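Try each task before you read its solution.

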Amino acid sequence: MLNPQHLAVFATIVRTGSISKAAIQLGCGKSLLSRQLAALEQNLGARLLQRSTRKLTLTEIGEQVLHEAQRIETALANIEQMAGQHQQEVRGRLRVTCPMPAVARLVPVMTEFCRRYPHIDFALQVEDRLVDLIAEQIDVAIRVAHLDDSNLIARKLVDSQRILCAAPAYLASAGHPLVAEDLSRHACLLYINAGRANDEWTLLQHGETRKVRVSSHFQSNNGMALVAAACSGAGILLIDRLIVSKHLQSGELVPVLDNYQLPSGSPVYAVYPARDWLALKTATFVAFLQERLFSSV
């Protein structure tokens, strides 16, 4: 198979009139260009240039090949120029995936990013499943989880804080817990993982750890279902702050026992495929996420 770069080199040699001048223009050694020209002639099975001490002369087939080689040289130059412009300007279609709980935080940041970089178009894919970034041509994935080793690049954004919260209506009816042990007398909303409910909650205060066994009339393996239950006044919820940030801002949910500390929740990552070079749009968006998305989690 012919190497397009060798054809472009051939065109440069003819245009400059010598291998030496072509080497100066291309910024490489004469011996490299001589080898590339020889490789091209070998692949074609024909001599393209007659060499003498004074000048280079095109053969008949060389004249025919030169016409196509010049077109390839122009195309390569255009591609390099487009790539350079692409890397200097944040533009293009940005394919992003995130889990449902992150949507409320991510979309406002995406719209802000679009205002700053008006040549960006977003395609947001909301998926709780683990998306194959390469197979589905995803530029960036937001993942809220401890990650396994992979051939992906992961940039940690933050360790999501956890929070105890409830609807004002629930607290008005059941009362506010004052100490960790009070949770055992409240209705609590529990997350189910692998069929088992997380019914032992850990709280910390002044360096002392408190483990409280809680009870529940509502359990789910879906965080958003638990949030909806909490907003309807069903009980107290222990959850990543990321998931309920919008509800806390609106007042639908309020913090409970906020004089206690809770263990960190799942880390939040921006993940993207490993490549020899990273598109400017991707690098800029990941940096923007680190600056904006979880600055107040």
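Buried means under 20% relative accessible area, exposed over 50%, and partly exposed in between, with a 1.4 Å probe and protein chains only. This is a predicted model: local features need pLDDT of at least 70, side-chain atom pairs count only at pLDDT 80 or more, and totals for chains, interfaces and linings use all residues. Residues are numbered from 1 along each chain as its sequence is written, and side-chain values use heavy atoms, without hydrogens and water.

**Exercise 1.** Classify R162 and D240, then describe the contact of their side chains.

Solution. 
- Step 1: R162 has 28% relative accessibility, so R162 is partly exposed.
- Step 2: D240 is buried, because its relative accessible area is 7%.
- Step 3: The two side chains meet in a salt bridge, 3.1 Å from N to O. A salt bridge is a side-chain nitrogen of Lys or Arg within 4 Å of a carboxyl oxygen of Asp or Glu.
- Step 4: R162 lies in strand 7 and D240 in strand 13, so the pair ties together parts 78 residues apart in sequence. Strands (E, at least two residues) and helices (H or I, at least four) are DSSP runs, numbered from the N terminus.

**Exercise 2.** Where do E68 and R71 lie, and how many residues apart are they?

Solution. 
- Step 1: Both lie in helix 4 (residues 60-88), 3 residues apart.
- Step 2: An α-helix has 3.6 residues a turn, so residues three or four places apart point the same way.
- Step 3: The side chains of E68 and R71 form a salt bridge of 3.1 Å, N to O.
- Step 4: E68 is partly exposed at 40%, and R71 is exposed at 53%.
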